[in-house]
Amino acid sequence: MSAVDLLDERIKVLLEKRSFTELSDTQEEAIPPVMRGSHTLCIAPTGTGKTESAMLPVFHKLLNQEGNGFKALYITPLRSLNRDILSRLEWWCSELGLSAGVRHGDTTQYERRKQALSPPDLLITTPETIQAMFTGKKLREHLKNVRFVIIDEIHELAGNKRGSQMSVALERIAEYSGEYQRIALSATVGNPADVARFLCGERPYELVNIPVAPLLSVDVKYAGDSFLKQTKVVERCIDSEESTLVFVNTRVTAEAIGHQLFERGDVDVHHGSLSREVRIEAEDKFKKRDLKALICTSSMELGLDIGHVGQVLQFGSPREVSRLLQRVGRAGHRLDTVSKGRILATGFDDLLESLVIVRRGLSNECENLSLITDAADVLANQISAIAVEYGEISSEKVKSIIRRSACFSGIDEIFEDVCRQMEEHRLIRTESGMIIRTGRSRTYLYSNLSMIHDEKKVKVYDIVSRRYVGTLDESFVIGFIFTGAVFITKGQLWQVLAIEDGMIKVEPAHRIKGELPSWEGEQIPVPFDVARETGKLRRTGEFKGYNADSASLKYAKDFLCGMEHAGSPVACDNLITIEHFDEGVVINICGGHKANEALGRCVSVLLSARFGTSVGIEVGAYRILLRLPGEVRATDVMEILMSVEPAAIKGILQIALKRTALYKWKMVQTAKKFGAIDADADYERISIHRLTDFFEGTVIQREAYRELFSINMDTEKAELIAGEIQSGKISVSIAPLSAIGREGLSSSRDIIPPASSDQAIITTIKRRLEEDNIILFCMNCRQWKSKTIVGRVPEDIVCPKCGARLIAALKPYEEDYIKAVLKKTKSKEERALEVRLLRNANIVLSSGKIAVTAFAARGVGPDTASRIIATMTKGDEFYKEILKAERNYIKNHRFWQ
């Protein structure tokens, strides 16, 4: 019997109307357990109809559900998904006589009031909006009728604090509705039982797990040793298919490839730093086939509807198996098609890692998701939220609600500490076993509905076009932006002129080559198991069973042969090599980013303590680079590395991290989520030193360390490596700098050589100046004033009232100068202003429209205009002088408006 036979006749009719000739394997397997009323986790590839798998049986049940209030909640991790899902689900609801609504941060007040008065049967919403709904009296009433909660893309939530917060919200809903059916949809994960526990707590559940491998065709190709060669390979691959998604790992890479392919006109860029409008425009153009390719980051991983995708290219290793499966799953997107993907590897490490990830992906060996358990800041957030919701409530009742969540089964150990910390910051009061809300509780809650750490966006302002060209993350600005810095955004290279007025003022960069820092926060860490298998592949050189073309395999084998001929030992899964370079040593170690981060920081602090010197450190998945003074040798590093006691690593790191910017940044973030610092506080004005001292030994500090040791680094795997070194399972040797070691020295920065764009800059500034507003004022009769744009000013400028040619050219913000010169009695400053305008008018008298053009530019007064005109430059050179004057003005005058 087909799953269709279980559904209401009205739904069967609509399936025929939608041309559903047959259900997918996912739908056939998922519909029966949902119909039985089981809590269900459905893990299946993108494009196999997961949404309908959950919703068709829910619609069946809603048709026979009575009463008011929200009957089903559909929770999605991204608001952008709401657009697609709403249009699909609204169709079903309207055809079935059911109502659907959407609610998130941008929902209008009118729509919110409408939902409060007449709640839809199905509400599509986000985790954060669920948090806000508990604060409304009417909305809480509407939750009493909830019978189904469907969570889309649950893998995006299960491994982070945002999900940890939502897991408590699921238990808070149950306080109103009683037990309801929980249904979740997920991409492939390595530990489905843990994800199901995240969804259900200790409740029984059914698992539907559709393997993705049979629906994938993925291979690996080495794309060359230079960025130019690599982008040419990207271009050839784009031309081979009708539509292509090109996934990259960072915004820098997306912008760099976009810059190289910009002239084609059929390629665009899509990432989180671009405005919502720009992203939607790119999605729509791709859907309409106006674009042949879209270069994107993780912003395009989830199931946004962008139409048919012929193939997926992954530029560089995707770093994680789950990421590869999610991205390649975007191709085909039909039940009868195989998703076609290719990884374009950019180096030896990248190639071997890509081969490993493809092998693991086709064998369904996905990474495990680690649940965030007993996070103190999430607990504080939810205790405060429950206090706002109930006014006052017994602490035992709060514990019983939160403890049902799989993320907080062990809260008894930290509950009292968290409550004491919250009382200190006036988030709650405790009295006779009761938790009572305070005046500050609600203010705190509205500022902390999300557990995503707030990060300001800093606007980038182009002085040439006088437009905002994008935004940069605050952490990126703090780490890398300074006057003179060069970076890429929206496919163009920019140079920083000034950082002021809350923005970064830039001009198109003149350098042919720019060394670009990457956004550190978006680096995808390579897991330990992937790095370890890559090390094994280095050791064995056995490529059978790995998908790559013959040219790519030849490159890998030739690289290893080159190492052998040079007499260089190959660092692998059971060998660590320590190699000298001019500034220090490279420790080649196949441990993955997070384990290497923990081990590298531990070694660096021990070296620093022994030799009384600072140690620079850069960490990758396959090496730790230490910048050392000349007296510290590889033998010293080897001695330290081999003496590290696994049990001592956490203690050493706790001491070492206190001095780092990473620890201080994490302390500020945690303190904000605890309400110890206001959410909108400017961290630059906070005394970091006093802050770290103030929270020493508190639950806030312990939470900061817990997050650092579990999310930013992997101390458990670092302990494993240290143990294997001590037992002899992993050998350590000293060697001269090898080809593998050199890869680490050259790959720590993205170096992208864009073409020179001087002519484009000149064209932009010329067009902009011609469109600039200008005010003409006769300094002879002082009765005529005209507002116009530079392009409309005649070559011969004459006052129509008195016939004089003594005309001053003023910028719009200088209009008040006219009031000053018209006064009969003038102050000293006003007389000086009159002299300035007379000089301005005399320059226009002698030079005509070219002077008016100069006066339209920012920061160009009579002195600068005289100098520019005196150079006798014409054409492009004149506009270059204008640009030079504007640039100098921005650099030297901080308070212009």
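In which loop does Ser 409 lie? Ser 409 is in the loop between helix 16 (395-403) and helix 17 (415-424). The model is predicted: local features need pLDDT of at least 70, side-chain atom pairs count only at pLDDT 80 or more, and totals for chains, interfaces and linings use all residues. Residues are numbered from 1 along each chain as its sequence is written, and side-chain values use heavy atoms, with hydrogens and water left out.

**View 1. The chain as a whole.** The secondary structure comes to 35 helices and 31 strands. Helices (H or I, at least four residues) and strands (E, at least two) are DSSP runs, numbered from the N terminus. Of the 897 residues of the chain, 58% count as buried; buried means under 20% relative accessible area, exposed over 50%, and partly exposed in between (1.4 Å probe, protein chains only). Among contacts with a separation of 6 or more, 74% are between residues 24 or more positions apart, where contact means heavy atoms within 4.5 Å.

**View 2. The surroundings of Ser 409.** Ser 409 counts as exposed because its relative accessibility is 53%. Residues up to four places away in sequence not counted, Ser 409 touches Asp 374 and Arg 403. Lys 399 is ten residues from Ser 409 in sequence, and their C-alpha atoms are 9.6 Å apart.

View 3. Two strands pair if DSSP finds at least two bridges between them. Axes are lines fitted to C-alpha atoms, for helices over the stretch in contact, and angles run from 0 to 180 degrees between N-to-C directions. Strand 10 is joined to strand 11 (residues 293-296) by four bridges, and the two run parallel. Val 267 has Ala 293 in strand 11 as its bridge partner.

**View 4. From helix 14 to the end of helix 15.** Asn 364 is placed in the loop between helix 14 and helix 15. Its phi is near 60°, a positive value in a residue other than glycine. With 31% relative accessibility, Asn 364 counts as partly exposed. Helix 15 (residues 376-390) has 15 residues, which should span 21 Å at 1.5 Å a residue; its end C-alpha atoms are 21 Å apart, in agreement. The expected span is 1.5 Å times one less than the number of residues in the helix. Helix 15 is mostly covered, with 14 of its 15 residues buried.

**View 5. Ser 432 between two strands.** The loop between strand 15 (428-431) and strand 16 (434-437) holds Ser 432. Although not a glycine, Ser 432 has a positive phi of about 50°. Ser 432 is exposed, its relative accessible area being 78%.

**View 6. Strand 23 and its partners.** Strand 23 (residues 575-581) has six of its seven residues buried, so it is largely enclosed by the rest of the structure. Five bridges join strand 23 to strand 27 (residues 731-735), and these two run parallel. Glu 579 has Ala 735 as its bridge partner in strand 27. Strand 23 is also joined to strand 24 (residues 584-588) by five bridges, here running antiparallel. Strand 23 and strand 24 form a hairpin, with two residues between them. Ile 578 stands opposite Ile 587 in strand 24.

**View 7. The packing of helix 24 and helix 27.** Helix 24 (residues 649-657) packs against helix 27 (residues 699-712) at an angle of about 115°, with the axes 11 Å apart. Lys 650, Leu 653, Gln 654 and Leu 657 of helix 24 make the contact with Tyr 705, Leu 708 and Phe 709 of helix 27. These residues divide into five nonpolar, one polar and one charged. Ala, Val, Leu, Ile, Met, Phe, Trp, Tyr, Cys and Pro count as nonpolar, Asp, Glu, Lys and Arg as charged, and the others, Gly among them, as polar.
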